[in-house]
Amino acid sequence: MAPTLVSTMQVTQRRFNASDAAASDSSSSGGTALDVAMKVNKLKRMHQSGQGQGKKEIEKMAWRELNTLSEQQIATAEGKAVALLLNSWAYFARFWEKGKDGPYEGLVDGQQ
């Protein structure tokens with residue numbers, strides 16, 4: 001019985017530590033993984049409907065938003081966040097100049 005209790009306590013402590021780390025990461029980047037996922041998913045819907053800014057600008061905004069996530073936030077993201085992030089990333093990858101590696105953002109006067 002004791003090993004089970006220790007194992008359960010260790011798992012609970014790890015989850016608590018992970019949620020603390022995710023909370024501190026979210027405050028520094030402006031949101032949780034789910035917050036970012038929902039923002040990027042909204043950008044995807046705007047892109048699909050043709051609303052808002054030009055499509056290229058929406059694509060760049062999505063890339064920038066995805067890159068606000070820390071490694072810790074990604075590692076501890078909930079299932080819904082992971083699903084939304086992957087779906088949106090895969091959608092935008094079709095339009096980004098470098099595919100899954102994003103758009104070209106460092107162009108100066110049209111030169112690479």
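The side chains of H47 and E59 are joined by a polar contact of 2.8 Å. The model is predicted.

**H47**
- H47 sits in helix α2.
- The relative accessibility of H47 is 1%. Buried means under 20%, so H47 counts as buried.
- Y91 also meets H47: a polar contact of 2.7 Å links their side chains.
- Neighbours within four places in sequence aside, H47 is in contact with K55, I58, E59, Y91, F92 and F95.

**N41**
- Helix α2 also holds N41.
- N41 has a relative accessible area of 13%. That value is under 20%, so N41 is buried.
- With neighbours within four places in sequence left out, N41 is in contact with L84 and S88.

**The largest nonpolar core**
- In soluble globular proteins, nonpolar side chains tend to be buried together.
- Here, the largest nonpolar core has 17 residues.
- V40, A62, L85, F92 and W96 have the most contacts inside this core.
- Helices α2 (33-49), α3 (55-66) and α5 (79-93) each supply at least two residues of the core.
- Helix α5 gives the most to the core, with 6 residues.

**A62**
- A62 is among the core residues with the most contacts inside the core.
- Leaving out neighbours within four places in sequence, A62 is in contact with V40, L43, F92 and W96.
- F92 is in contact with A62, and F92 is also in contact with H47.

Conventions
Residues numbered from 1 in each chain as written. Predicted model: local features only at pLDDT ≥ 70, side-chain atom pairs only at ≥ 80, totals over all residues. Heavy atoms only, no water. Core = buried A, V, L, I, M, F, W, Y, C linked by side-chain atoms within 4.5 Å. Buried < 20%, exposed > 50% of the residue type's maximum accessible area, 1.4 Å probe, protein only. Helix = DSSP H or I, 4+ residues; strand = E, 2+ residues; numbered from the N terminus. Contact = heavy atoms within 4.5 Å. Polar contact = N/O pair within 3.5 Å; in protein donor to acceptor, adjacent residues only side chain to side chain.
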